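Here are a few notes to go with the model. Have it open while you read.

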Amino acid sequence: MDLRRFGFILLIIVILIGVVVLVGGKTVPAGTIIASMLATTISVATPLTLGAISGIFCERAGVVNIGIEGMMLAAAFFGWFAAILCNSIWKMPAMPSLLIGVVIAILTGGLMGLLHAVLSVTYKVDQIIGGTVINILAVGITGFLNRQLFFEKGSIFGGQVPHAPGVLPRLPIPILADLPVVGVIFRQQPIAILAVVAVAVTHFVLFFTRWGLRTRAVGEHPRAADTVGINVIRVRYANVIIGGMVAGLAGAYFTLESVPSFEPLMTNGRGFISLAAMIFGNWSPVGAWMAALVFGAAQALQINLQFFRQQIPPAWAFLQQAYVVGLIPYILTMIILTGIIGRTTPPAADGVAYEK
Amino acid sequence: MKSEASMEHSAEPVLQVKGITKQFPGVLANDHIDLDLRKGEIHALLGENGAGKSTLMNIIYGLYQPDEGEIWVNGRQVVMHSPNDAIKHGIGMVHQHFMLIPVFTVAENIMLGSETVKKGVLDRRGVARRVRELSHQYGLDVDPDALVSDLPVGLQQRVEIVKALYRQADILILDEPTAVLTPQEADDLFRIMRELAAQGISIIFISHKLKEVLKISDRITVLRGGRVVGTTRPQETDQAHLAAMMVGREVILQVEKSEARPGDKVLEIQNLNVFDDRGVRVVNDLSLELYAGEVLGIAGVQGNGQSELVEALTGLRHIHGGRVLIQGRDVTNKPPRAITEVGTAHIPEDRQKFGLVLSYPVTDNLVLCTYYLSPFARRGVLNFRAIDENGRRLVEKFDVRTPSPYVVASKLSGGNQQKVIVARELSRPIRLIIANQPTRGLDVGSIEYIHREVIDMRDQGCAVLLVSAELDEIMALSDRIAVMFGGRIVSILPAARADRETLGLMMAGVEVGHPEPVQAVT
């Protein structure tokens, strides 16, 4: 990631945190605010980070995946459904229910990935169309089942939204979590931690292993990979399915880690923002993570400003409007995608079906 | 040095194909082909496009399955199901279009598909060491840590060779390896091929360039129409004989032309500046004059601004500075139609992309520049009778081999597609021909035809600007030769005084102290 983009990221994060410090600094020490902002940033950046990683697996292998949004949404629903089913119908304890929910979410994502691979790799459907199909499918299925399963009389939950098993608990990192002030940054929930681990693992896999070399080769020049005996179709399938599973984990964040409920359309464009993060990070895991943190910081601004609503000076009254602040991630997406902050280069064969 | 010695002690062929037959829908691509390759031999496979060379090599490399016939490697019969099998039997192939990943390093490209891994991590250092060893052993001078996209074409080709050697290939198939090289790079390649052969590597060298084949091969096998016409040795044959074997009739290799009689000035380029798609200045303050009745050849390695120059002249690319005058009229940044209407013919570089509408019939393609004029259109409505009549007439006159003038252009062979373009462009009243790589990828017969057309037009008083990466073509046709390097004309010499060696050096950007580099036409 070049310096210019890194500088841009740093600048935006500093500005966003600075706004909160300026507003709330009179009642709460600046250090506490900064630590709290960072902790929230990491947490809310989780689905974006994972979404971007999902995109990286697919696109590095040469398959454009704009269906991440739908994959997340479907995984969020089915993971949540599985957790509730275990907890309230089969009377399992909360923790195992939640873990089963996460597994089902990942599998749902994997299945959606498989669908995308079948469409775009085997049947060579235009990959944008394939992704759109997945997005529409996810909205339809989750909306329909949500109504049928929970709000219809005679459904398994008898028309009552059942009591949810809660959310995944925080896993404080030993020692670090006990530090004064900054400790809060290291008290994260498991999927948030997994997202950071996924960045490191993906970086390693992509650039230091045989799998990564072959994946990148297939995304850059599939025919060249074919002539040295690499099975292009298989590599693409595997990576798109893995990408789907990562998107599934991102989906689990929404209903099993962030809030204990499902709402139609709750992913709210995060899948698309994570694609922006992927592009801004130049298809590299670390870069994409940085970009995801920028979007996370924008969202953290909205959340943290709630605490200090009363102290917002009259001159900045617009900050009191939650929806104005809520626009920031989307505005950032647009700025970043214009390419003003440095051009990026996608894998050469990205989005091109491979014909023998 | 032809390796006579290596041929004597090599009784057993390392590779033998027997009776290979491959039928494609409508074409018998290979018809009972027999071929044998001896250890340490450079065996040229010569033939026109469509003679079956590529099909045969793809069968040997496992990309196609033969309908009939056997492949023997080192005295054992083998079946090649995929390139993997070929690699396993020690066969390596350097494709005409390189199979390299530009954003990978040399070492990464070489190890791809047969990586060595230590504790799950790619062993880059070990591979780099091995590449250096191979590079040293065969005099290849390949740096394993360089990024492929930073390397010139000649070096990329060597990376492909190392890639095959790394997989322990002792049989190398080189598919038209010199098509993309400057003369100097080609000489380097020949040196490397001899070195490889001397160390026991056997090479199949595919080409349609007679001169090279005679220069480098130990034996030459000629294919025509899917059959082996014969196998000979360079000592026993010459260019004319080989060409006749290839084409099946006598071919006039030397373009016969009289002395040019330059007339008035047709094209004048003044301080032209053009940028490429990435915004890089690729034509740099270029000035040039072209006169009626002469052929000015622009020699140069591809990518030195020739394509952009031609695009700028024909109205396809914005001119950022300077002027272009055709017959005294300023056509700078005029649309292509305006430039066409002052009497310019354009034979574009990529005939399929810019020269033809592939999905249109030949008849329609023949009126692409004139469809809006009488008699082809009246008050905005096309007159199909006139278009068809014109199509039939030109197909006949320019000897376009097509089942009918109404088939779509994509069904024609490359040579006949090019003839359609030539027919369309040269059948109009023109004063200037701008031809970019007019014979690229064509066979000897079509090349001969197009060369004759160009010279005929010159003799009728046309000015011809010929851009070609083929030095032979430039030297055969041109009256004056301009060498283009880095967006500039580095020198203009009369063709009579130009020799391959000097031109090649200039094309590579080497300053050559020519006694009288630039001259004016009298």
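In which hand of crossing does H11(A) pass H14(A)?

1. The crossing is left-handed, meaning that the near helix is turned anticlockwise from the far one by less than a right angle. Before going on: this is a predicted model, where local features need pLDDT of at least 70, side-chain atom pairs count only at pLDDT 80 or more, and totals for chains, interfaces and linings use all residues. Residues are numbered from 1 along each chain as its sequence is written, with chains lettered from A and ligands numbered from 1 in the order in which they are written.

2. Helix H11 (residues 270-280) and helix H14 (residues 328-337), both of chain A, pack at about 35° with axes 10 Å apart. Helices here are DSSP runs of H or I, at least four residues, and strands are E runs of at least two. From H11(A), the contact uses A:Ile273, A:Ala276, A:Ile279 and A:Phe280; from H14(A), A:Pro329, A:Thr333, A:Ile336 and A:Leu337 (contact: C-beta atoms, placed from the backbone, within 7 Å).

3. Over in chain B, B:Glu289 sits in strand S14 (residues 281-291). Why is B:Glu289 called partly exposed? Because 17 other C-beta atoms lie within 10 Å, and the label falls between buried (20 or more) and exposed (12 or fewer). Beyond four places in sequence, B:Glu289 is in contact with B:Lys265 and B:Glu268.

4. B:Val464 is one of the residues touching the most other members of the 250-residue largest nonpolar core (buried Ala, Val, Leu, Ile, Met, Phe, Trp, Tyr and Cys joined through C-beta atoms within 7 Å). Contacts of B:Val464 beyond four places in sequence include B:Val295, B:Ile433 and B:Met457.

Methods. Axes are lines fitted to C-alpha atoms, for helices over the stretch in contact, and angles run from 0 to 180 degrees between N-to-C directions. Two residues are in contact if their C-beta atoms, placed from the backbone, lie within 7 Å.
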